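This report covers selected local features of one protein chain.

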Amino acid sequence: MAASFSNLLSLLHKAAAASQVLQIHAQLVAASLVHRPSVASRLLYAVCELPGGAFPARIRPSYADLVFSHIPRPNAFAWNNIIRFHARSSSPIKALLTFARMRQNRVLADHYTYPFVLKACSLVPGLDEGGSVHGSALKEGFAEDSFVVNGLINFYCKRGEIASARKLFDGSRFKDLVSWNSLMTGYVDRGDASEARKLFDAMPERDAFSWTILIDGYGKKAGDVGRARELFDEMPNKDVACWNSMIDGYVGGGMIGPARQLFDEMPQRNVVSWSILIHGYVRCGYPKQALELFQRMLVEGIRTDQVCAVGVISACSQLGALDQGRWIHSYLKKNTGLLDGVTETALVDMYMRCGDLQQARLIFDRMPKRSVVTWNVSMVGLGIHGFGAEALELFHQMEKGGVPMDDLTFVAVLTGCAHTGLVDEGRCIFERMRSDFGIEPKAEHYGCLVDLLGRAGLLQEARRVIETMPTEPTASIWGSLLAACRVHQCTELAEAAVEQLRKVGADDGGVYVLISNIYAAEGKWNEASLIRRSMSCRGMEKVIGRSAVEVDGCVHEFVNGDTSHPCKAQVYAVLCELSRAMLPKR
């Protein structure tokens, strides 16, 4: 039994998968060893330290609590483990309740306990428990303990109370590298890169994290990518994190070319590196390149994570690449831990945008827990495909179920009403926003209402909505009215919309093309010609049209005027055939 016991503990120490921990747990139960304090503590530590995807997210917290309950008289080490686990597992309230139980059981906290508890406090908006935890730490003699002081500095920085953090920092006699980095992070998070730089210059020593914090401060927070690159080039020993930070800075500034160049120069990459660039391509409107990069990543043997998965699913959404989206869905199902609420919501959005409403609804119905984003994307998807009644039904389900709604919920349902001509229903929901839901309509909601009325041909009513708005109408609202004027051939109102767009400086090429087409549709060729000449004189160009189609899992992109596609002969042959077929028969 002693040898078996020793072997089990050794296996527990090496366990890297949930299945291994569960098997060892079963053997410990069978051998009546699980209630030994030292054994249960070891088991708890193994559960808490497993990688994030090892257990399904919904099961792991309950399982950790079950293992903890096996410990007859847990010591501070066991309490610290379960508190830290809940603080890291997005259950900060549970971590604080566990700390309260620890105090009720008269177990003395140590200098590891307080940083975990303070981290939990910083994750709960509006909670003022941090002050009392600070007071408890002082009373129990931890005022000069570096772990506790650093935890407090980090806590106050996370809460935006930078003055309190600075006071603790300045008053501490035992500043270490963590203290300097924590305070510097606080300044960066509040957008004060200059103060962060002063700390950086005064540091007695720096590590790679110190450099990365400041690179982030200049590149992502201050938008000064040039200063960030200067710092990056000065850095003596670059790690993967600082390369990722610099690439992210370029991506945030829309500089996808330099981001890709830096990515290609990296001596080594992790999944975060790939994820940043994939999201960058998607954000900058290059979904095809995002998919190509993802495929290369898999070829190189890099296992994706949830963040990367969401990026590549978004790329499929933009391209309408349904086959590739289905393959990625299958890949996520086969790789344990990758399917969670966020990735499932992205899949719902992708299937909706690609037209597979049945599969989107199937995922939606099977989700054990739906966020407001899940409901919103489902309503938008149903609405734009002409299922406005179904989108309305989802809205009413949210209302009946007491699901919290946000601004985008009403954008989603109003969009659904607009695309399916449900004018009365849309008007009613718009009116109820303020009275029944306490949400003040914003410019985007007025834009949806204008779109709803414009699509239905109620152009004068749409104009009255714009003129009586409590805020200044945005360019997109006038643009929506202009688009409706084209559909319903209302030249006078279209001219008024163009004049308003000119006033707000949004009279780009697309606007003039629209008004030119309106004139042409009514046979006003002189006016249409004048608009085109005006565009030419002002150096305006029509936005180049581009489209993509997926054939046998391969995405083909076409750009207006570009004849470089390898199958151009077949494409033009089909187009000629279609053109002939569309000609009226004599």
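## Basis of the description

Helices (H or I, at least four residues) and strands (E, at least two) are DSSP runs, numbered from the N terminus. The model is predicted, so local features need pLDDT of at least 70 and side-chain atom pairs count only at pLDDT 80 or more, while totals for chains, interfaces and linings use all residues. Residues are numbered from 1 along each chain as its sequence is written, and side-chain values use heavy atoms, with hydrogens and water left out.

Just after α8, G141 has a positive phi of about 85°. Within α8 (residues 129–139), the residues G130, V133, H134, S136 and A137 are buried; buried means under 20% relative accessible area, exposed over 50%, and partly exposed in between (1.4 Å probe, protein chains only). These residues lie on the same side of α8, because they cover an arc of only 160° around the axis. The arc is that of the directions from the helix axis to the C-beta atoms. The buried residues of α8 pack against α6 (92–104), α7, α9 and α10 (162–171), where contact means heavy atoms within 4.5 Å.

## Second largest pocket

The second largest pocket holds about 330 Å³ of space. A pocket is found on a 1 Å grid over the protein atoms alone, as an open set of points where a 1.4 Å probe fits, with protein on both sides within 12 Å along at least five of seven lines; lining residues have an atom within 4 Å of a point. Grid points are joined across faces, edges and corners, and the volume is the space filled by probe spheres set on the points.

Of the 14 lining residues, P115, F147, N150, G151 and V178 are the closest to the pocket centre. Two or more lining residues come from each of α7 (113–122), α9 (146–158) and α11 (177–189), and α9 gives the most, with six. By class, the lining has seven nonpolar, five polar and two charged residues. Here Ala, Val, Leu, Ile, Met, Phe, Trp, Tyr, Cys and Pro count as nonpolar, Asp, Glu, Lys and Arg as charged, and the others, Gly among them, as polar.

I328 is in helix α20 (residues 322–334) and counts as buried because its relative accessibility is 2%. Leaving out residues up to four places away in sequence, I328 touches L291, F294, V312, I313 and C316. With the sequence neighbours up to four places away left out, H329 touches L347, Y351, Q359 and I363.

In α22 (residues 357–366), L357, A360, I363 and F364 are buried. They cover an arc of only 130° around the axis, which puts them on the same side of α22. The face turned away from that buried side carries the exposed residues Q358 and R366. The cover over the buried residues of α22 includes α20, α21 (341–353), α23 (372–384) and α24 (388–401).

## Positive phi in loops

Most residues other than glycine have a negative phi. R106 has a positive phi near 60°; R106 is in the loop between α6 and α7 and is exposed, with a relative accessible area of 77%. Phi of Q489 is also positive, near 50°. Q489 is in the loop between α29 (475–488) and α30 (491–503) and is partly exposed, at 45%.
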